[in-house]
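Have a look at the model first, then read on.

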Amino acid sequence: MKRGLVSLRATETHRDLLSEVTNWTDDGDELVLLWHLDGAEYDADVDTLESVGRVEHVDYDHSAVIDGAAADAKEFTEPVLADADVEAHVVVSVDSASSRARNVLDTAAEHDCDHAFIVGTSRSPTGKAVFGDFAQRVILNFDGYTTVVTE
């Protein structure tokens, strides 16, 4: 692996995944830490900023929400990465359940990643057919290695 993408959310399973990934890295490897911000959460935060801005008579840039998410991601990953000898940078993705796989694939392509590390959910075949499957979409469409752990 030269450059890996780690799909992250604020769960212990994602923290454990990142910890395992750092054990697999070599000198010179890079990690793209893709922090998923739920679209509904993003919209709510933007609405809150706009409400505060109206009260304070200030226009807040929506990038403040992304910056806040990036800060959350750094806070989440810092304890794991502190002892790792790997270069890592955070990319924030605002997505819905249906766009999360596409955002992983697009970000991996944009950063020329050769390995994707993701957390999937165990579903029945019917559940996959009805709700779709994030991990399956990434595995089938990513042009590189994919490692999946389940919650």
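## A pair inside α1

R15 and E12 sit three residues apart in helix α1, so about one helical turn separates them. Their side chains meet in a salt bridge, at 3.4 Å from N to O. By salt bridge we mean a side-chain nitrogen of Lys or Arg within 4 Å of a carboxyl oxygen of Asp or Glu. E12 is exposed, with a relative accessible area of 51%, while R15 is partly exposed at 25%. The cut-offs here: buried is under 20% relative accessible area, exposed is over 50%, and partly exposed is in between (1.4 Å probe, protein chains only).

## Ground rules

This is a predicted model, where local features need pLDDT of at least 70 and side-chain atom pairs count only at pLDDT 80 or more, while totals for chains, interfaces and linings use all residues. Residues are numbered from 1 along each chain as its sequence is written, and side-chain values use heavy atoms, leaving out hydrogens and water.

## The other salt bridges

The structure holds three salt bridges. One of them joins the side chains of E30 and R3, at 3.2 Å from N to O. This pair ties together distant parts of the chain: E30 is in strand β2 (residues 30–38) and R3 in strand β1 (residues 3–8), 27 residues apart. R3 is partly exposed, with a relative accessible area of 22%. Helices (H or I, at least four residues) and strands (E, at least two) are DSSP runs, numbered from the N terminus.

Over in helix α4 (residues 100–110), R102 and D106 lie four residues apart, about one turn of the helix. Their side chains meet in a salt bridge too, at 3.3 Å from N to O. R102 is partly exposed at 44% relative accessible area, and D106 is partly exposed at 38%.

## How α1 meets α3

Back to α1 (residues 12–24): its axis and that of helix α3 (residues 63–81) come within 10 Å and cross at roughly 40°. That makes α1 oblique to α3. For the angle classes, under 35 degrees is roughly parallel, over 145 roughly antiparallel, 65 to 115 roughly perpendicular, and the rest oblique. Axes are lines fitted to C-alpha atoms, for helices over the stretch in contact, with angles from 0 to 180 degrees between N-to-C directions.

Which residues in α1 and α3 meet? On the α1 side they are H14, R15, L18, S19 and T22, and on the α3 side F76, T77, V80 and L81, with contact meaning heavy atoms within 4.5 Å.
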